[in-house]
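Welcome! Here is a short briefing to read alongside the sequence and the 3D view. Take a moment to turn the model around before you start on the points below.

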Amino acid sequence: MPRPSPRRRSIVAGLFAALATTACTQGAGETGPTGGGPGTSGPAPATGATPTTAPRMPAELLLDWLVTGGYAGVHSRTLLHDDGTFTVTPRGAPTRGERLRARDMTQVRALLAEARLGSQPERGIDPHLRDGFHYRIAHAGHVVHRDDTTLGVPLRRLRDLLPHP
């Protein structure tokens, strides 16, 4: 394998040095999570300037519901956050986001508690099921895999309550 020319090596070394310097100086002098003092971003604003507000962070994820399979090859993911906002991302279609009503969120929380995912086996898939749906359900640090025959009553009711693509 031919060795790179000295010029090419010096260019690459210069790029690495520039990247390392940038990475090392970004954290220097920061006193808060964002730089110019506790709770601010970057250097302190000049006198008379108004600091910009950071974009609002999404609420904590409550449920990650992925459905795959079926004759048509369904692949749809629903992410539901604590505040009721959700996104539905079906394969081949644009993502859609909205908010569940408070009454529906109360039902979602009750059904998740009733399902007790933490005490369930991770995999509950019927190996003989053909052309069925596979559900990957993640909540509170627990992930379970189910199909149409092993979903159980609370998770079926939850499936019916969740927005569809």
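Of the 165 residues in the chain, 28% are buried. Keep in mind that this is a predicted model. Its accessible surface comes to about 11,300 Å², and carbon and sulfur atoms account for 60% of that surface.

**Overall fold**
- The chain contains three helices and nine strands.

**How H2 and H3 meet**
- Helix H2 covers residues 102–115 and helix H3 covers residues 153–161.
- Their axes come within 9 Å and cross at roughly 155 degrees.
- An angle over 145 degrees counts as roughly antiparallel, so H2 and H3 are roughly antiparallel to each other.
- The crossing of these two helices is left-handed.

**Who makes the contact**
- On the H2 side, the contact is made by Asp 104, Gln 107, Val 108, Leu 111, Leu 112, Glu 114 and Ala 115.
- H3 contributes Pro 154, Leu 155, Arg 157, Leu 158 and Leu 161.
- What kinds of residues form the contact of H2 with H3? They divide into eight nonpolar, one polar and three charged.

How values were computed. Residues are numbered from 1 along each chain as its sequence is written. This is a predicted model: local features need pLDDT of at least 70, side-chain atom pairs count only at pLDDT 80 or more; totals for chains, interfaces and linings use all residues. Side-chain values use heavy atoms; hydrogens and water are left out. Axes are lines fitted to C-alpha atoms, for helices over the stretch in contact, and angles run from 0 to 180 degrees between N-to-C directions. Helices (H or I, at least four residues) and strands (E, at least two) are DSSP runs, numbered from the N terminus. Angles under 35 degrees count as roughly parallel, over 145 as roughly antiparallel, 65 to 115 as roughly perpendicular and the rest as oblique. A crossing is left-handed if the near helix is turned anticlockwise from the far one by less than a right angle, and right-handed if clockwise. Contact means heavy atoms within 4.5 Å. Ala, Val, Leu, Ile, Met, Phe, Trp, Tyr, Cys and Pro count as nonpolar, Asp, Glu, Lys and Arg as charged, and the others, Gly among them, as polar. Buried means under 20% relative accessible area, exposed over 50%, partly exposed in between (1.4 Å probe, protein chains only). Accessible areas come from the Shrake-Rupley method with a 1.4 Å probe; for residues, only the protein chains shown count as cover.
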